[in-house]
Amino acid sequence: MKKDMVKLGITLALFASVACACLAVVYAFTKENIEMQAEKQFNASMQELFPQANAFDKIQDLASSDPNIKFETAYEVKNGTIPLGLAIKAAGPSYGGTATLLVAVDLHRSIAGVEVMELKDTPGLGMNASNPSYYVDKAKKTTFVGQFAGKFLTDPFEVKKDVVAITAATITSRSLTKIIKAASDAAIAYMDQKMAAPPADSNASQQQNSQPQGIQPKAGGK
Amino acid sequence: MTMKKLYKVFRQGLIFENPLLMLMIGLCSAIAVTTSVSNGIGMGLAMTFVLLFSEVIISLFRKLIPSAIRIPVFIIVIAAFTTMVDLVMKAYFPDLSKSMGVFIPLIVVNCIIMGRVEAFASKQNLVSVIADSLGMGLGYTWVLIGLAAVRELLGNGTLAGIQIMPSSYQPILFFILPPGGFFVFSLFIAFNIWLKKKMEASQRTKELAAKKEAA
């Protein structure tokens with residue numbers, strides 16, 4: 001009986017180690033590509049939000065006001081040494097699981113833009129949050145996340161008041177708005193602490209010249 | 001094993017013993033992913049791949065697997081192939097991998113694979129196992145694509161992401177949601193049973209005619 005158990009254990013261990021070795025090989029092969037894809041997506045979103053950006057400084061100590069909403073990464077976005085704003089990758093619970101958004105904040109303390117990085121939801125309903133051709137405002141062609149562009153960080157961010165909900169996906173709309181709100185609150189706190197110094201202001205006025213091409217078209221959705 | 005017998009094994013999975021429509025196993029992921037045709041194709045192919053390789057490996061090693069620990073060994077093999085599919089999809093088809101979400105890793109616990117491995121691959125030789133896994137895999141895939149096509153067309157007005165219905169068409173969201181999935185699925189079951197009965201009847205008349213001729 002005891003002998004049997006040892007034999008069975010060894011057989012199982014053998015199968016497991018062979019499977020493990022095979023997986024290690026596949027993992028090693030695909031690892032680079034998977035990381036590249038994630039980076040590509042991130043860079044594409046960044047480019048969309050901050051067209052002039054070329055440097056990203058990682059921010060470590062960004063606290064979330066809501067315990068359910070986590071900031072995966074946050075960056076101080078710069079063009080050379082001139083700060084452009086903040087980009088916060090925030091994840092929080094939504095209707096179909098965790099949703100991840102990239103929230104960009106400019107130096108005027110308004111939202112420069114929001115990109116959906118990851119969203120699991122009902123196709124045709126909540127999934128419309130990441131659908132580029134679903135408009136909450138058909139006349140102005142504003143998408144759900146597009147409507148946040150240009151909003152001030154101190155705005156109330158309440159669905160059905162200053163945020164238009166996705167039809168038949170109120171839970172998703174509320175959850176995403178909450179994530180954006182949490183990111184804005186953190187951005188205010190960070191800016192109060194670190195970016196209130198006068199040089200930032202003079203840079204901001206320099207900034208204004210280059211802004212119309214970059215951020216203005218998005219703010220049209222306000 | 002003659003060609004004819006192999007074909008018979010292969011055909012079982014397509015209609016007579018279709019895993020979804022006749023055996024009715026592995027339904028949850030089938031209803032969940034069939035909201036678009038591209039998802040259906042992706043899931044079907046991923047499933048067929050895992051099914052084929054798991055069955056082949058287990059058939060090859062069937063004499064080396066002690067029956068007391070066969071289930072854990074099966075799970076190790078299936079999980080290894082599923083993880084491979086998941087990694088490859090993430091690396092080369094990121095969009096597809098994103099839209100299927102958690103359902104690719106969940107292939108591990110799909111009863112179709114476990115069922116086929118336990119009931120077929122652990123007892124049969126390599127050639128018939130290949131025929132069986134391809135039959136079951138394709139049987140699964142065609143049902144997924146069919147389900148997804150109906151649901152996407154009626155529920156979203158598109159097919160594989162291409163707009164088919166005129167823009168005046170108001171999509172019937174019901175079909176995209178799970179109840180619509182069950183509704184379409186039940187129609188598929190009815191169709192499959194009708195098809196099976198018809199094929200059996202034609203076979204019987206053929207046999208009768210052959211007998212009469214012989215007499």
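This is a predicted model: local features need pLDDT of at least 70, side-chain atom pairs count only at pLDDT 80 or more; totals for chains, interfaces and linings use all residues.
Chain A contains four helices and five strands, and its elements follow one another along the sequence in the pattern α-β-β-β-β-β-α-α-α. Of the 222 residues in this chain, 35% are buried. When contacts within chain A between residues at least 6 apart in sequence are considered, 58% of them join residues at least 24 apart.

Within chain A, Tyr135(A) lies in the loop that runs between β5 (111-118) and α2 (170-194). Tyr135(A) has 18 other C-beta atoms within 10 Å and is therefore classed as partly exposed, a category that falls between the buried residues, with 20 or more such atoms, and the exposed ones, with 12 or fewer. With residues up to four places away in sequence left out, Tyr135(A) touches Lys141(A), Thr142(A) and Thr143(A).

The contact between the two chains draws on 19 residues of chain A and 25 residues of chain B. On the side of chain A that touches chain B, twelve residues are nonpolar, six are polar and one is charged.

In chain B, helix α3 (residues 37-60) and helix α7 (residues 126-156) approach each other so that their axes come within 8 Å and cross at roughly 165°. Since angles over 145 degrees count as roughly antiparallel, α3(B) and α7(B) are therefore roughly antiparallel to each other. The crossing in which α3(B) passes α7(B) is right-handed, and the residues in the contact of these helices comprise 21 nonpolar, eight polar and three charged.

The largest nonpolar core has 44 residues, of which Val50(B) and Val77(B) touch the most other members. Two or more residues are given to this core by each of several elements, namely α1 (2-49) of chain A and, from chain B, α2 (27-33), α3, α4 (70-92), α6 (111-121), α7 and α8 (178-214). The most is given by α4(B), with eleven residues. Beyond its neighbours within four places in sequence, Val50(B) is in contact with Ile78(B), Phe81(B), Thr82(B), Val85(B), Ile107(B) and Ile113(B). Another core, of 42 residues, lies apart from the largest one and includes Ile69(A), Ala99(A), Ile111(A) and Phe157(A).

Conventions
Residues are numbered from 1 along each chain as its sequence is written. Chains are lettered from A and ligands numbered from 1 in the order in which they are written. Two residues are in contact if their C-beta atoms, placed from the backbone, lie within 7 Å. Ala, Val, Leu, Ile, Met, Phe, Trp, Tyr, Cys and Pro count as nonpolar, Asp, Glu, Lys and Arg as charged, and the others, Gly among them, as polar. Axes are lines fitted to C-alpha atoms, for helices over the stretch in contact, and angles run from 0 to 180 degrees between N-to-C directions. Angles under 35 degrees count as roughly parallel, over 145 as roughly antiparallel, 65 to 115 as roughly perpendicular and the rest as oblique. A crossing is left-handed if the near helix is turned anticlockwise from the far one by less than a right angle, and right-handed if clockwise. A nonpolar core is a set of buried Ala, Val, Leu, Ile, Met, Phe, Trp, Tyr and Cys residues joined through C-beta atoms within 7 Å.
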